[in-house]
Amino acid sequence: RNPKRRRQQHHQEGIGLSISPNPKRRRAGRKKKLTETDEKNSPVTEKGKAKKKAPRKQKQKQKPVKKTKTKAKVVTCKFRGCKKSSQGSDCLCKSHGGGKRCKIIDCNKHVVSSGLCRGHGGGKRCQESGCEKGAQGRTGLCIAHGGGSRCRKTKCTKSAQGGTGFCCTHGGGKRCKIEGCAKHVVSKDLCHFHGGGNRCRVRNCTTGSRGSTGLCYKHGKEASKDVKNESFICL
């Protein structure tokens, strides 16, 4: 009845020697051998070994497609010959009247911060003590104290005008619209000589004023000689 005892008896008597006492070891140690028919049909190499089957290629997993955000179309300024981006619903850039304007009366400049333009206190201020001018770029200083880009000309410390990289004396900035005039623009596309900038306060004098005096070079000298005499000055 007990199969283990029968196997042990057969093993001692020499019956069924091919049967191992432990069937689990026999199964683990058993190896597959090629029969005569398999050897004939199997492909053999030069060394006499059967070729191994190539492993199946695993299907590559498709990467998930990232959804790219579509950029909004940049609307250029509708002013003729202007390629700058428009501000607001007027389809105009800042220099041609687009965007918000300064809240100070009679000021048409564009807003920088807190409803004010740079000239009336908007934007960052100069870090120099006692200076209330607007800072230029990342320097934290105004143009007078070394802020902004400088002229590319060697030994020139003046500020560069616009995207030219040169100051007004070395060809930077806009030029006067009068034919044959190569001077830089002061205001209204005109140089100082052809009517740009502030004029002299003296009656019937159309020359440009210099500095904060409001007088031209000629009348500024006369005023410095006799400060008390104010008869010729139009107050």
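Modeller: Helices (H or I, at least four residues) and strands (E, at least two) are DSSP runs, numbered from the N terminus.

Colleague: How many helices and strands does that give the chain?

Modeller: The chain has four helices and zero strands. Read from the N terminus, the order is α-α-α-α. This is a predicted model, where local features need pLDDT of at least 70, side-chain atom pairs count only at pLDDT 80 or more, and totals for chains, interfaces and linings use all residues. Numbering starts from 1 along each chain as its sequence is written, and side-chain values use heavy atoms, with hydrogens and water left out.

Colleague: Where does cysteine 191 lie?

Modeller: Cysteine 191 is in the loop between helix 3 (36-41) and helix 4 (217-225).

Colleague: What makes cysteine 191 buried?

Modeller: Its relative accessible area is 1%. Buried means under 20%, exposed over 50%, and partly exposed in between (1.4 Å probe, protein chains only). So cysteine 191, at 1%, falls in the buried class.

Colleague: Which residues does cysteine 191 touch?

Modeller: Contact means heavy atoms within 4.5 Å. With residues up to four places away in sequence left out, cysteine 191 touches Cys176, Cys181, Lys183, His184, Val185, Val186 and Gly196. Arginine 175 is 16 residues from cysteine 191 along the chain, and their C-alpha atoms are separated by 7.6 Å.

Colleague: Is cysteine 176 buried or exposed?

Modeller: Cysteine 176 is buried, because its relative accessibility is 7%.

Colleague: What keeps cysteine 168 from being counted with cysteine 167?

Modeller: Distance again. The cysteine sulfur closest to that of cysteine 168 is in cysteine 167, at 6.7 Å. Therefore this pair is also too far for a bond.

Colleague: How many disulfides does the rule leave?

Modeller: The count is zero disulfides.

Colleague: Why is serine 159 called buried?

Modeller: Its relative accessible area is 15%, so serine 159 counts as buried. Serine 159 sits in the loop between helix 3 and helix 4.

Colleague: What is serine 159 in contact with?

Modeller: Setting aside neighbours within four places in sequence, the contacts of serine 159 are Ile143, Ser149, Arg150, Cys151 and Cys167.

Colleague: Is threonine 157 buried or exposed?

Modeller: Threonine 157 is exposed, because its relative accessibility is 66%. Threonine 157 belongs to the loop between helix 3 and helix 4. Glycine 146 is 11 residues from threonine 157 in sequence, and the two are 8.3 Å apart in space, C-alpha to C-alpha.

Colleague: What is noted about phi of lysine 155?

Modeller: Phi of lysine 155 is near 65°, a positive value in a residue other than glycine. Most residues other than glycine have a negative phi. Lysine 155 is placed in the loop between helix 3 and helix 4.

Colleague: Why does lysine 155 count as exposed?

Modeller: Its relative accessibility is 89%, so lysine 155 is exposed.

Colleague: And what value does phi of asparagine 204 have?

Modeller: Phi of asparagine 204 is near 60°, and this residue too is other than glycine with a positive value. Asparagine 204 is found in the loop between helix 3 and helix 4. At 84% relative accessibility, asparagine 204 is therefore exposed.

Colleague: What share of the chain counts as buried?

Modeller: Of its 235 residues, 17% count as buried. Cysteine 191 at 1%, cysteine 176 at 7% and serine 159 at 15% are in the buried class.

Colleague: Among contacts with a separation of 6 or more, what part comes from residues 24 or more positions apart?

Modeller: Those residues account for 2% of such contacts in the chain.

How values were computed:
Disulfide = S-S within 2.5 Å.
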